Amino acid sequence: MSVIGRTDLISRLESGAEGNLIILEAPGGYGKSCLLSEWRDQSKQSDVTVCWLSIDEDDDVETFIAYLAYSAHIAGIDMTQSGLLNFEFSTDGNPKQAIHRFLACIERTSRPVRIVLDDFERLSLSVQRDVIPSLLARLPENATIIVASREPAGISTVDLDHRGLVSRLGPNELRFGQQEMMRLWKGRLTQRQIERLGERTEGWPVLIRLLLTASDMGTFDIRHIDESSYSDMAITTYFEQKILNRIEADLRRFLLEASIFDEIPYEAISDVLGQDDDQFMGRLEKLEAFLAPLSGENAGYRLHPMMRGYLKQTLQNQAPQRYAALQKKAAYWYSVNGNHVRAVKHALAADDEILLLTILEDTGGLGLWVQEGLIELRAIDRYLGPEIIQKSPTAALMRCIILMKTGKQWDAAALYADILSRHAERIASDEFLSVSCAVAKVVLAVYSGAKIDDDDVERIEQAIRQSDAILEHFEGFVLTFKCFAAHQAGRLKHAIQFAHEALKFFDLSGSVYGEVYIHLHLAMIHSFMHSTDRGDIEFKQASDLLRRELSFDSGIKYLSDVISIEAYHEHSPYDLKNAPRLKNLVARLLRAEGWIDIYAGAFRTLSEQSYVAGNIDDALHVLDLAQEFSVRNSIASLSRICVTQRTILSLLEFGPEGIDLAAYASNAKEMDFVGDLEIIPWRIVEVECELHLHLANAGLITPSLERITAFRDRQLSEGNLRVASRMSALLALSRPISQAEADLRILDMCLAENCFGRATLFIGSALQNCVEDAGLHMKLPHLMAQLSASQVGKKALTGQEQQSLVTKKERAVLSELQRGQTDKQIALSIGVTEHAIRYHLKNVYVKLNAHTRKEAVRRARALGVLDA
C-alpha cells in the first residue's frame, strides 16, 4: 500500500535474484505485493522476464502447473511446445515431468526469469508436496522463484541455505523506516512525531497509509500521535479509536456490516445492507483506504482482508443478533441470485440449520449438477458435516454423485441406500426429489457397471413430460441414459441416434458437460466401427470443448485420453508410445470417475501393452489392481473382465498349468453369449468369448461356436467391427480349415484401411498358417497386409524404433548401468553431472516401469533398448 519508491528493498531483491529463492513472509498489509509490483515494473527496463502467478486456494496440482505455464507464456516465454497450456494434455498425471517441461522452456530463454508466487499461503498441500520441491530442485541458472506469503511458507531450504541461494524479507525489513515515513507524509511531521508514529504503528505500512488517508479526510489529527497517553495502545485499539471512531457513524456502521462479505456485490449494498441513497454511495469514495473497487463497472468493493477480519469480529462480538440477521439476509440474497456456494456459506455463518436446509433444497440438487457440473457441488459439499447430510436428502444426493465421480462407488451406493431408508416418505411425496433419486439410481448403475433399468429411465421421462416442476435439463439425461444403455447392449446404431438427439438438446440448453460426454461416447462408438474419420472429429469436438469451456476440470480429460489411447491400441497394438501416459491414467482412474468402458479400455489396453513389451508381471499387476478396486467397490462387471483378461494372458504366457481350467470347462456350455447382452455390457461378452476361443484353440474345452458366431454376427450387423474382427480371427482358428473361409473373409473386410490390428495380436502366426493351409493368400489382401505389419511391429520392439522409447542420453546411462557403473562413474564417462544422471535415471524408471537398476537393465534388454 506504499505510494513511495522503496529503493533499498528493491536493491535487496536484485541481490537475492542472483540465487534460487526469495521469500517474503509477513502478515497482510506489509506491502509485499506492492513491493514486488514495483520491482517488476523496474525489471521491464532491464530485459528481465517476470512471471506472476497469484495463487488460488482451490488450485490442484494440474491447475497450478497449467496456470504457472500460462503466466510464463503471457510474460513472453513461448510455452506452446510444452503442452502445458492445453488442458487436454495438462500434466498427464505426472507433475514431475510436467515441471521438467516447464523449466525446459524457462532454460531456453536467454533472459533472466523471475517467477513470482503471490498469496503463497493459499497453496494446497498437494501442490506444496508435489510441485514446489521439484521446481526448486530443477530450477535453471537463469531463474529465481519469489514467494510472497502471509504465513510461514513451509519450504524446506536446508540445501539452498547451505549454498547461500536463499534470501528472506520479513516484517522487520518490510516495515516503513523513518525516512520512508517522512517522504510519505511529505514533511508534515516533526522528527519526534515520526518516531512516535513508528512506535505506535510498528512501521505497519497499511496502518500508516490509513492514518495518512484519515488525516486527509479530517477524521484524524496526526498531532495526537505525540501524546504520551497513547503509549500503551495496541495497534487495533489505535485503529479503532483514532480512525474508525472518527468516521461518520453511518459510514462506520456500513464498514462493520459490510465485513460479512468476502466481496461486497454492488446490488447487495442496497438489498442486504439497506443503503440505496445515491448521496451515500458517493460518500463511499471517502473510504478508499478501506474499500478497494472490484474489477468491472459497478461490480462492488472489497475490504482489506486484515481490516475485514477485525471489523467482522467486532460486529460479531458487539452485535451478535445483527450479525446473524445480516448473514441470513446475505444467504437468501445469494440463493435468489443463483450463487449457491456463497448462500450456503452465509447460512452456516448464521448458525441457522433450518435456513441451511432450505437453501440446500433450493439449490436444485442434481439439477444444479446437470447444468453446471460438479464445480458448485464440490464447493458446497466442503462446508457440510455428516449431520446435515443426514437431514438433507438433496445434499446427500449431491454427495452421492461426488462419491461416484471420485471412484468411491461402494460409498455412494451405501449413502444412496441410506437416503432411501431415511427419507422414504418425503421422496414419495416430493416429485422432484423422487425423480432426482431415480436419476441417481441410474447414474449409480452406470458407474458400478450394472445394466440400466429401463423402467427407471421411463419413469424419469414420464415425469419430465407430465410436470412443470421437473428441470428440463433432465431430458438431456434421459437421452444420455438411452445412448449408454443402447451402447452397452451392443446396439450401436441406436446409441448413435440417441447421442445426436442429446447433442441437439444440450446445445439448446447450454449444458457443456452434457455435450462433452456425448462427444466422448460418439468418439468411442465410431472407433469400434469403420468410421475412423468420424471418430477423430468427435474426439476433436470434445477436446475443443474441454479446452475452451472446461479447462479447470481435469477429470473429464482423463476419460478422453483413455478412449483415444484404446482406439489407437486397437489399430496399432505393437506401438507402445502411449504406455507411460496410460500408466499414469490407470493410477488416477482408481481415484476418479469412470464407467465400464473407461475401466475396461484402460486396464485391458495397459495389460496388453505391458505383455507386448515382455512384462508379464506388470500386465498381471495392472489387472490385480483393477480387480482389488472392483471388489472394493462392488463393480462385478469390471471384476469379471479383469479375471477373464488375466486368465487369457496367463494362458498365453504359462500354458494350461497357469489357469484354473475347471472353472471355465464347467460354464463353457452354459453361457448364452447372445442372451447375456440383455443383462451385461457387450464388453464382458467379448472378453469371455475371447477366453473360450483361446481355450478351445489350446484344445482345453469345446465351446459353443454357434453361440459365439451368433454374437459376432449380431455385432457385425450393428457395425461393431472391433468385435467382429476379434471373434472372426479366433473363430477361424477354432474351425476346420474347410469351414474357416467365411470367418477369414469377415476378418479381411474389418481390416480394410489397416484398422483393428488388435484382432491379430497374439495369434498372428497361427492365422498366417491358417491362410496358407486354406490357399487364400490372394483373396485376403487386408489380412495379409496386417499380418505383415504385425511382423514388422514385433521386430520394432527389439529394433531402432523401440529404442526411441528412451533418449540418447538415457540409453547411454543404461549402457553404463549394464556395466555396473556408479552415478559418479557414469557422470564422468558421458560428461554430465551426477545431478543429471539422477534425473535421467528417474525418467528411465518411469518409461521402463522399473524400480531398481538391475530391473531397468533387464527390461531394456527385453525391449531391445540394450543389446544382451
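Of the 868 residues in the protein, 58% are buried; this and everything below refers to a predicted model. The secondary structure comes to 48 helices and 8 strands. When contacts between residues at least 6 apart in sequence are considered, 70% of them join residues at least 24 apart. The protein exposes about 36700 Å², and carbon and sulfur atoms supply 49% of that area.

In soluble globular proteins, nonpolar side chains tend to be buried together. Here, the largest nonpolar core holds 221 residues, and the members that touch the most other members are Leu 284, Leu 360 and Leu 744. Apart from this core lies another one, of 39 residues, which includes Leu 53, Ile 99, Phe 102 and Ile 106. Looking at Leu 744 in particular, and setting aside residues up to four places away in sequence, its contacts are Ala 732, Leu 767, Cys 770, Val 771, Leu 776, Leu 780 and Leu 783.

Two further residues give a view of buried positions within helices. Leu 197 belongs to helix H10, which spans residues 191-201. Its relative accessibility is 0%, so Leu 197 counts as buried, the cut-off being under 20%. Gln 178 is 19 residues away from Leu 197 along the chain, and the C-alpha atoms of the two are separated by 8.9 Å. Val 478, in turn, sits in helix H28 (residues 473-488). Val 478 also counts as buried, because its relative accessibility is 2%. Beyond its neighbours within four places in sequence, Val 478 is in contact with Val 457, Ile 460, Glu 461 and Ile 464. A separation of 8.7 Å is found between the C-alpha atoms of Val 478 and Val 439, which are 39 residues apart along the chain.

A loop position is worth a look as well. Ser 448 is placed in the loop between helix H26 (431-447) and helix H27 (454-466). With a relative accessibility of 17%, Ser 448 counts as buried. The side chain of Ser 448 reaches back to the backbone oxygen of Leu 444, at 2.7 Å. Not counting residues up to four places away in sequence, Ser 448 touches Gln 409, Ser 634, Ile 635, Ala 636 and Ser 637.

At the surface, Tyr 67, Tyr 70 and Ile 74 form a nonpolar patch, and together these residues have about 330 Å² of accessible area. Tyr 67 lies in helix H3, residues 61-74. Its relative accessibility of 35% falls between the limits of 20% and 50%, so Tyr 67 counts as partly exposed.

Turning to charged side chains, the count of salt bridges comes to 44. One of them pairs Arg 342 with Glu 263, with the closest N and O atoms 4.0 Å apart. This pair links distant parts of the chain, 79 residues apart: Arg 342 is in helix H18 (residues 340-349), while Glu 263 is in the loop between helix H13 (249-258) and strand E6 (264-265). Arg 342 is partly exposed, with a relative accessible area of 25%, and Glu 263 counts as partly exposed at 34% relative accessibility.

Another salt bridge is formed by Arg 712 and Asp 713, whose closest N and O atoms are 2.7 Å apart. Within this pair, Arg 712 is buried, with a relative accessible area of 4%, whereas Asp 713 is partly exposed, with a relative accessible area of 37%.

A further example lies within a helix. Glu 741 forms a salt bridge with Arg 745, the closest N and O atoms being 2.8 Å apart. Because the two residues are 4 residues apart in helix H41 (residues 741-750), about one helical turn separates Glu 741 from Arg 745. Glu 741 counts as partly exposed at 30% relative accessibility, and Arg 745 is partly exposed too, with a relative accessible area of 39%. Elsewhere, salt bridges that share partners join Glu 566, Glu 570, Asp 597, Arg 604, Glu 608, Arg 683, Glu 686, Glu 690, Arg 722, Arg 726 and Arg 758 into one network.

How values were computed: Residues numbered from 1 in each chain as written. Predicted model: local features only at pLDDT ≥ 70, side-chain atom pairs only at ≥ 80, totals over all residues. Heavy atoms only, no water. Buried < 20%, exposed > 50% of the residue type's maximum accessible area, 1.4 Å probe, protein only. Core = buried A, V, L, I, M, F, W, Y, C linked by side-chain atoms within 4.5 Å. Contact = heavy atoms within 4.5 Å. Areas by Shrake-Rupley, 256 points an atom, 1.4 Å probe, with all protein chains shown as cover. Polar contact = N/O pair within 3.5 Å; in protein donor to acceptor, adjacent residues only side chain to side chain. Patch = residues over 30% accessible without salt bridge, like charges linked within 9 Å, V, L, I, M, F, W, Y side chains within 5 Å.
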